[in-house]
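Let me put the model up on the screen and we'll walk through it together.

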Amino acid sequence: PRVSLTMISLLSSLSVAALDAPVPLISPRGDFQPAAASELASVGGARSVVATVGGRLRARRLLNSIFATEFDTARAPAAGEDRGGAYVAASPQAPELLLVHTEAASAGEACEDGAVADESAFGCFALGLADAVLVLPPCAEPTRPVLVSAYEEIFAQLAATAEPTDGKRTLLVHLAQTAADDAAIKSAAMDAWAAACGGGAEPSFDSRFELTAIALPSSAVDADAFSAGATELRTRLRTLARDGFGTPIAATEVAARAEAVWLAVQSAASGRPGGAALRERYQAARAYEASMEAAVLKLRPLSAAVAKGRVIDGFGAAADSLLNGTLAHYDDAVADVSGVTAELVARRRAILSKQLQADVKELFSKQQRSLARSVCKRYERQLLAVMERAGNVAQYQRDRLRKNAERAYDAQVASLVVPSLGGPTRAQLTQSFSAQLTAFADRLVESPSMQLQALGATRRRVSKPAKPPKGLRWGLALTGAMRTKWGGGG
């Protein structure tokens, strides 16, 4: 059979486009592998670089399933083997990409010459080398603190390395196992970036990264959803250069670039938080989240009652106990953190306290306003009743009714005051309400409703018949009578 020159050319390009097996760039012990350069020489064309962070076995399986690579996916490594390190692969199904899988060494693996080969080091390496980084979360449904901790571990060292001079941005692709909430994931990543940068506003997250989330469930669980996610991922990565994420480079240059990035990572390793500090940051974040969640559950029924216009008896004591108890719970959860993260712990405590106080203050204000309206309404009805009877409200009547209203307000507002808020005292609130009542009564007396009541009272007085004068009076009067029977008596 005849084979066209085009087919021969295509087969030739495919034969040099792929590596027989993934090539090690960095060993599990953290030393760079110079032999990678000669292996990559067989890969032709300029390519964008895509790296993975996290996921370990899942990441290797995903690369094999989506790009037909040949990463080892055996669950248990052979005796004496550690799969950690960085490996590069080229796939004929993605001729525009070089795929770099990174995986931290196991905890017991010693590194060469003090090299650092943990998640933070490989996260920094991936971000420095690749145009797009596939981020695999540590579990199927991570909470916000888990996401923040995972991204902070990736970003922890990057801020200490030299800033890029060409304004290069990196695409972060979050590969979720369930439906992905882009906004929530980006918010967690931005918080992690801010923490890695020491809380500074520069460089901003958006100036360095663009984050997108793709749902990639297990193909065994939902084959259709996996296929759709894999297609979306391949499509997104195919246009990296066109979308402004880096410039494709020759495969032969990747090894030299990887070596330079890894050297920068190692030189900056001493300036980043250690694993213990990162774990303590996660502990503080989890303590904050758990404390806030417990407080919100306790506030929920109070908020529902206040929304219905109720004034909760004993609210002040209950809210005070909630505020102090929540902070005490947080303090207990972070009691064993070291001084390295003390500032972060204190900052999160301040945020927790501020948020809870704002929520409690809002509930207090709503109840205080409801109470003031209720007492004012009752005061108004009493003034109208007096005006309806007499056509006028004497000053002594106004003063007596106002004092009664003040006493009613004072008795109820006392149970609303929350000592921990440090707001106005019971006496100050009552004094302010007294002034409010006086102004309210002045306006009410001159209002049309009061004038109508006065006019009605005047009309009733005028229309009543005159009463006879009081005292004893004498006179004569004739009274007629008839008998019903004549004679006989009886």
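Contact here means heavy atoms within 4.5 Å. Quick caveat: this is a predicted model, where local features need pLDDT of at least 70, side-chain atom pairs count only at pLDDT 80 or more, and totals for chains, interfaces and linings use all residues. Numbering runs from 1 along each chain as its sequence is written, and side-chain values use heavy atoms, with hydrogens and water left out.

The chain has 490 residues, and 42% count as buried, buried being under 20% relative accessible area, exposed over 50%, and partly exposed in between, with a 1.4 Å probe and protein chains only. There are 15 helices and eight strands; those are DSSP runs numbered from the N terminus, H or I of at least four residues for helices, E of at least two for strands.

Now the inside. In soluble globular proteins, nonpolar side chains tend to be buried together. A nonpolar core, for us, is a set of buried Ala, Val, Leu, Ile, Met, Phe, Trp, Tyr and Cys residues joined through side-chain atoms within 4.5 Å. Which residues touch the most other members of the largest one? Leu25, Phe125, Tyr151, Phe155 and Leu172, out of 53 residues. There's also a second, separate core of 44 residues, with Ile312 and Phe440 among them.

Beyond its neighbours within four places in sequence, Leu172 is in contact with residues including Tyr151, Phe155, Phe205 and Phe209.

Tyr151 and Phe155 turn up again where H5 contacts H6, along with Leu147 and others from H5, and Ile185 and Trp193 are among the H6 residues. By class, that contact has 12 nonpolar, one polar and three charged residues. The axes of H5 (residues 144-155) and H6 (residues 182-196) come within 8 Å and cross at roughly 45°.

Arg56 isn't a glycine, yet it has a positive phi of about 50°. Arg56 sits in the loop between strand E2 (46-53) and helix H3 (57-67), and is partly exposed, at 34% relative accessible area. Ala68 also has a positive phi, near 60°. You'll find Ala68 in the loop between H3 and strand E3 (85-89), partly exposed at 36%.

That's my lot, thanks.

Definitions and conventions
Axes fitted to C-alpha atoms, helices over the stretch in contact; angles between N-to-C directions. Nonpolar A, V, L, I, M, F, W, Y, C, P; charged D, E, K, R; others polar.
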